[in-house]
Structure formats: structure tokens, C-alpha cells
Protein chains: 2
Amino acid sequence: MKKVKVYITLKESVLDPQGQAVAGALHNLGYKEVQDVRIGKYIELEVEASDGPIETQIEAMCEKLLANTVIENYRYEIEEGVTQ
Amino acid sequence: MKKVKVYITLKESVLDPQGQAVAGALHNLGYKEVQDVRIGKYIELEVEASDGPIETQIEAMCEKLLANTVIENYRYEIEEGVTQ
């Protein structure tokens, strides 16, 4: 069993209204030093070890379902040797 | 200017219907080796360097606004020396 952490972020060129709303709320709470907020997704997958390379499969899952690659970037980390 | 990465995850004991839906969709796409999916939030903050310890401020922001500490855990990383 491997744990895969996927981070999905909006591309730099894409507006992030949710992030702007959070930045506004932080300013209202008095945290004026916050300049910018970008909100993304963090997905933890537990994947059974298979014969093929897991990287290929994770990338396919991201491309097909997890990320919208038109407006989002993704990166992932694989934690090896996580036992059940 | 420092970049702070905040990871917000549901506590282990809390059900994650969104994650279950994604797991079901991955199974339907043929990725049967995916055992579990948990979905969280990933927030990037750009914070101006201040005199006080930034950790205290980030924790206060998480407690007050970014995370719902009843059902969510948070952790953060601070990237030092990010210049404008």
C-alpha cells in the first residue's frame, strides 16, 4: 500500500476568486501582511502496489479526473513503503 | 515576502463523502487499485515579513478562518527567503 499525495493548484494566469475572498477576509481580521492567497486541492490516495509503474497511473488519474489541466497544474509525491 | 503552504485535511474520524465519490469515479475508470481517497485543501499564502514570529500568525489565521478545527487538521510549511 502506497500513499500518494496530489497537489492541485490553479495556473498562475488563472484568476482565483476564492483566494481573493479569503485574502479579503484575512485583511478584515487584521492580517494586513497577507499579500496573496491561492487555493488549491490536496488529495491523499491510498493505492495498492501493482506491477507497473505507479507514476504512469497517477498521472493518468490526474489528467482524466482529478485535475482540470486547462486551468490547473498538478504535482504529486509518492510515499514508499507504507504498510497496511 | 515569505510563501506559506497550508495543508488542511479532514480528521481521520470524519467521513469524507467527496473522497468517496472520487474513489468511486476512479474505480469506474478502471483504477481498482485505489483503496481510499481523502480530499483536503491546499492554500498558498504570500506574507510580508514582519517583526514578530510568523508561525504564531499563521496558526491564528488557521484557527480563526482557514481551518475548521472541529473536523479538520492543519499543518504548514514556511518557505524562507522568497524574494518579491
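Two strands count as paired if DSSP finds at least two bridges between them. Keep that in mind for the views below, which come from a predicted model.

**View 1. Strand 1 of chain A and its two neighbours.** Strand 1 of chain A (residues 2-10) pairs with strand 2 of chain A (residues 34-47) in the antiparallel sense, over seven bridges. Within that pairing, A:Lys5 sits opposite A:Glu44. Strand 1 of chain A also pairs with strand 3 of chain A (residues 72-79), again in the antiparallel sense, this time over eight bridges. For a landmark there, find A:Val6, which stands opposite A:Tyr76 in strand 3 of chain A. A handy reminder while you trace side chains: in a regular strand they alternate between the two faces of the sheet.

View 2. Side chains of opposite charge can pair when their charged atoms come close. Over all chains, a search of the whole structure turns up four salt bridges.

**View 3. What chain B brings to the interface.** On the contact count, 33 residues of chain B touch 33 residues of chain A. About 3,000 Å² is buried between the two chains, with carbon and sulfur atoms giving 63% of that area. On the chain B side, B:Tyr31, B:Glu33 and B:Tyr42 lose the most area to chain A, together 20% of what that side buries. Polar contacts are there too: the rule finds 18 residue pairs across the interface. Strand 1, helix 1 (17-28), strand 2 and helix 2 (54-66) of chain B each supply at least two residues to the side that touches chain A. The largest share, 14 residues, comes from strand 2 of chain B. Sorted by class, that side of chain B has 19 nonpolar, four polar and ten charged residues.

**View 4. Looking at the axis between the copies.** Chain B can be laid on chain A by a turn of 180° and a shift of 0.0 Å along the axis, with an RMSD of 0.0 Å. The two copies are therefore related as by a two-fold rotation axis. In chain B, the C-alpha nearest that axis belongs to B:Lys41, 2.3 Å away from it. Why do the copies meet through the same surface? Because 100% of the interface residues of chain B are also interface residues in chain A.

Key: Residues numbered from 1 in each chain as written. Chains lettered and ligands numbered in written order. Predicted model: local features only at pLDDT ≥ 70, side-chain atom pairs only at ≥ 80, totals over all residues. Heavy atoms only, no water. Helix = DSSP H or I, 4+ residues; strand = E, 2+ residues; numbered from the N terminus. Least-squares fit on C-alpha atoms with pLDDT ≥ 70 in both. Contact = heavy atoms within 4.5 Å. Buried area = accessible area lost by both parts, 1.4 Å probe. Polar contact = N/O pair within 3.5 Å; in protein donor to acceptor, adjacent residues only side chain to side chain. Nonpolar A, V, L, I, M, F, W, Y, C, P; charged D, E, K, R; others polar. Salt bridge = Lys/Arg side-chain N within 4 Å of Asp/Glu carboxyl O.
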